[in-house]
Amino acid sequence: MQGYIDCHCHISAGDFDDDIDDVIAQAKKSGVLALLAVAEHADEFEKIIQLSHRFPGFVMPCLGVHPVQGQDPDHPRGALLEDLDSALPLIEKFKEHIVAIGEVGLDFTPRVVNSDAGKESQRQVLIRQAEIAKQLNLPLNVHSRSAGRPTIHLLKELGVENVLLHAFDGKPSVAMEGVRAGYFFSIPPSIVRSEQKQKLVKQLPLENMCLETDSPALGPEKQVRNEPKNIAVSAEYIAKTKGIPLEKVMEITTQNALRLFPKLKTLIKMCP
């Protein structure tokens, strides 16, 4: 299967409302075989499912409650179990359609959470969603900002085996704990401007890497809308850093994605 899989993007974001058809067309033209559309809160679940019906075999839905909640982006807060309450019936309703539970995880950025109680609340939301993923035999698509080690340790404690750690912002030594647990790490196009992610890619084995764009964020240029077509930027940088052909990066990262998200194998339609 020749092409890229964007393992983590926000194609349901309002940034794409005006030109979604063009964005999808450009992604396919750039060699993207499929993209995993992650959710942040229950309010966007229906939209993601609709997009997966509109672009069948290409937009693959992931539903979950993000560790950062709150309607006002200037005043974010940590996720509460109440946030999950409204999401659970929809996850149950769409369980046959989704390829992963996500975006879930921990975010211990001080402006989001600054108390042990707030951190514990996020942990409880993640624990509950990890249980759901096990029940449905689905992988977790995981966010771990400023919480790399606590996230990996908690997932290991819970016995979670199928994990994608997206845009990991921790140290390579912490990431290697995830590698030893069999977890995968997806690399965004912002690697071209992130020394931390460049160090990460040097140490991570290709066998534990996937590709992502996190569109519309984490693009190659700061504060410019990122799109799934930029997936090649990640692949090209990995190839250069590892000193291997781009085709090998494409092949291995796609194989990794298909292994981690087994539903993709039956859902992907080869793009013309």
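Predicted model: local features only at pLDDT ≥ 70, side-chain atom pairs only at ≥ 80, totals over all residues.
Residues are numbered from 1 along each chain as its sequence is written, and side-chain values use heavy atoms, with hydrogens and water left out.

Back to that second largest pocket: its volume is about 210 Å³. Of its 13 lining residues, Ser52, Gly57, Pro61, His97 and Leu267 sit closest to the centre. Strand β3 gives the largest share of the lining, 3 residues. A pocket here is an open set of points on a 1 Å grid over the protein atoms alone, where a 1.4 Å probe fits, with protein on both sides within 12 Å along at least five of seven lines; lining residues have an atom within 4 Å of a point. Points are joined across faces, edges and corners, and a volume is the space filled by probe spheres set on them.

The largest pocket comes in at about 1200 Å³. It is lined by 37 residues, and Glu40, His66, Val68, His143 and Arg145 are the closest to its centre. At least two lining residues each come from β4 (68-69), α3 (81-93) and α7 (195-203).

Now for the annotated spot. An unreviewed UniProt entry marks His8, His10, Glu103 and Asp214 as "binding site"; positions follow the numbering used here, feature names are shortened, and such annotations may be inferred rather than shown by experiment. These residues span 207 residues in sequence, yet no two of their C-alpha atoms are more than 10.8 Å apart, so they gather at one spot. Among them, His10, Glu103 and Asp214 belong to the lining of the largest pocket.

His8 lies in strand β1 (residues 4-9) and is buried, at 0% relative accessible area; buried means under 20%, with a 1.4 Å probe and protein chains only. Glu103, in strand β6 (residues 100-105), is buried too, at 2%. The side chains of His8 and Glu103 are joined by a polar contact of 3.2 Å, that is, a pair of N or O atoms within 3.5 Å, one able to donate a hydrogen and the other to accept it, with residues adjacent in sequence counting only if both atoms are side-chain atoms.

How values were computed:
Helix = DSSP H or I, 4+ residues; strand = E, 2+ residues; numbered from the N terminus. Buried < 20%, exposed > 50% of the residue type's maximum accessible area, 1.4 Å probe, protein only.
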